[in-house]
Amino acid sequence: MLTLRNLVKVYPGPVAALRGVDLEIPRGMFGLLGPNGAGKSTLMKILAGLLEPTSGEVTLEGMDLVRHPEQLRPHLGYLPQEFGFYPYLSGQDMLLYLLRLKGVSAPQGLPTLCAELLERVNLTFAAKRKVKEYSGGMRQRLGIAQALAGNPKLIIVDEPTAGLDPEERLRFYRLLAEVASERTVLLSTHIVEDVAMLCPRFAVIRAGRVVAITSPTEAKAAIQGTLFEGSVPPAQMAAFQQAHRITQAVLFEGRNRVRIHAPSGAVPAGFEHVPPTLEDAYHLLMRDVPAESPAPAALEVAR
Ligand code: ADP
C-alpha cells in the first residue's frame with residue numbers, strides 16, 4: 001500500500017501545485033486523472049524522490065519516503081514524461097546503460113538481465129537497432145523495461161500514452177496491465193481512455209486537489225439515465241451551449257452530435273437517451289468542482 005497524507009507542494013512564485021493530497025493506493029493499477037497543470041507530474045516527481053514536498057507524508061508499506069527517499073529507490077521504477085534516450089545507442093546498449101545508472105544488481109550479469117527485460121517488453125527483435133529508429137511505442141516499452149529492472153514494488157508512469165498511435169497505445173496498455181498484476185502501478189494521465197481501459201480505481205485531480213476517488217463503473221453508474229444525445233445545427237450551437245450542460249460535442253458526418261446531462265429528463269426534440277461514458281462522468285466532475293478553492297493552512301504558512 002502506498003499512502004499519501006496531506007501532501008502539499010508550493011513552488012516559488014508561489015505556485016500551489018499540490019494543496020493537500022490524501023490517497024491510499026493498493027496493489028494493481030491505479031490512475032491519476034486530471035487536466036494539464038493539475039499537479040500530476042509534481043506528485044509523480046515527489047514519489048520518485050526527485051522533488052521534496054513542502055509538507056505531508058508518503059509511505060510505501062510503512063517506509064517513510066519523504067524522510068528516507070534512499071530506502072525507496074530499490075523498490076521503485078519510474079517512467080517520466082520526458083524520457084532522455086541517447087538516439088545513437090542501440091536499444092540494448094541504452095538499457096544496459098540505464099541499468100548501470102540505476103545500480104541494479106543481477107546475479108546472472110547485466111547483459112542477461114537486459115535480454116530478459118527486452119523479451120518481457122517485446123523488444124528482442126529490435127535490440128540491436130538504434131533508439132532513434134524506434135517508434136514512440138517502442139521507446140515507451142524500453143522505458144518500461146528500465147522501470148521493471150530490480151523488480152520494484154511500485155512503478156510510476158507519467159503520461160505514458162501521449163503521442164502513441166492507437167495500435168501502439170493498445171499494445172502499451174496490455175504491457176502495463178501485465179506489469180500491474182504483480183505490483184502497484186500508478187498511472188498519471190489526462191487521457192480518459194487510459195483510465196477506462198486500465199484502472200479498476202482512479203483519483204481525479206484538479207488544481208492540486210483530489211476531487212474524486214472512484215472506479216470507471218461507479219463513475220458511470222452515478223450518472224446513469226441522465227445523458228442524452230442529438231444533433232444541433234452549427235448556427236444554434238452557441239445558444240444551445242448556454243441552455244444545456246454539454247458533456248461532449250463531436251462532428252459526426254459533418255453534423256454536431258452533442259451529448260447533454262439532463263437529470264430532469266427535459267430534453268430538446270430529437271434527443272435520445274444514451275448510456276454514459278467515462279468521458280461524460282469526467283467532464284461533469286471537472287465542471288462541478290471550482291478550480292480555485294481556499295488554500296490549506298500549510299500553504300498559508302509556506303507563503
Ligand atoms: P500536470 O503534470 O498535471 O500537468 P504539473 O505538476 O506539471 O501538472 O504542474 C502543476 C502546477 O505547478 C502548474 O501550475 C505548473 O505551472 C506549476 N509548476 C510545475 N513545475 C513548476 C516549477 N518547477 N516551478 C514553478 N511552477 C511549476
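Is E182 buried, partly exposed or exposed? E182 is partly exposed, with a relative accessible area of 41%, where buried means under 20% relative accessible area, exposed over 50% and partly exposed in between, using a 1.4 Å probe and protein chains only. The views below place this residue among its neighbours.

A word on the model: it is predicted, so local features need pLDDT of at least 70 and side-chain atom pairs count only at pLDDT 80 or more, while totals for chains, interfaces and linings use all residues. Residues are numbered from 1 along each chain as its sequence is written, and side-chain values use heavy atoms, with hydrogens and water left out.

Figure 1. The chain splits into domain 1 (2–215) and domain 2 (225–275), with bounds that come from an automatic or database domain assignment. Between the C-alpha centres of domain 1 and domain 2 there are 38 Å. Along the principal axes, the C-alpha atoms of the protein fill a box of roughly 70 × 50 × 35 Å. The protein has 11 helices and 14 strands; these are DSSP runs numbered from the N terminus, with helices being H or I of at least four residues and strands being E of at least two. Of the 303 residues in the protein, 48% are buried.

**Figure 2. The shell around the ligand.** Here you can find Y11, V15, A17, P35, N36, G37, A38, G39, K40, S41 and T42 around the ligand, each with a heavy atom within 4 Å of it. By type, the shell divides into 5 nonpolar, 5 polar and 1 charged residues. In this count, Ala, Val, Leu, Ile, Met, Phe, Trp, Tyr, Cys and Pro are nonpolar, Asp, Glu, Lys and Arg are charged, and the others, Gly among them, are polar. The largest share of the shell, 3 residues, comes from α1.

Figure 3. A38 brings a backbone N or O atom to 3.1 Å from an oxygen atom of the ligand. For G39, a backbone N or O atom lies 3.0 Å from an oxygen atom of the ligand. K40 takes part through its side chain, where an N or O atom is 2.9 Å from an oxygen atom of the ligand. On its own the ligand has 560 Å² of accessible area, and the protein covers 60% of it; such areas come from the Shrake-Rupley method with a 1.4 Å probe. The elements that give two or more residues to the shell are β2 (15–25) and α1 (40–47).

**Figure 4. Helix α1 in its surroundings.** Let us stay with α1: it is largely enclosed by the rest of the structure, because 6 of its 8 residues are buried. Those buried residues in α1 are K40, T42, L43, M44, I46 and L47. After α1 comes G49, whose phi is positive, near 80°.

**Figure 5. The E182 and R120 salt bridge.** E182 and R120 meet through their side chains in a salt bridge, 3.9 Å from N to O; the term stands for a side-chain nitrogen of Lys or Arg within 4 Å of a carboxyl oxygen of Asp or Glu. E182 sits in the loop between α6 (166–179) and β8 (184–189) and R120 in helix α4 (residues 110–120), so the pair ties together parts that are 62 residues apart in sequence. R120 is partly exposed, at a relative accessible area of 30%. The structure holds 12 salt bridges.

**Figure 6. The E61 and K153 salt bridge.** In this view E61 pairs with K153 in a salt bridge, and the closest N and O atoms are 3.8 Å apart. The two residues link distant parts of the chain, 92 residues apart: E61 is in the loop between β4 (55–60) and β5 (63–64), and K153 in the loop between α5 (136–148) and β7 (154–158). E61 is partly exposed at 46% relative accessibility, and K153 is partly exposed with a relative accessible area of 32%.

**Figure 7. The E229 and R257 salt bridge.** E229 and R257 form a salt bridge whose closest N and O atoms are 3.1 Å apart. This pair joins strand β11 (residues 227–232), which holds E229, to strand β13 (residues 255–261), which holds R257, across 28 residues of sequence. E229 is buried, with a relative accessible area of 19%, whereas R257 is partly exposed at 22%. Elsewhere, salt bridges that share partners join R120, E178, E182 and R183 into one network.

Note on methods. A polar contact is a pair of N or O atoms within 3.5 Å; within protein, one must be able to donate a hydrogen and the other to accept it, and residues adjacent in sequence count only if both atoms are side-chain atoms.
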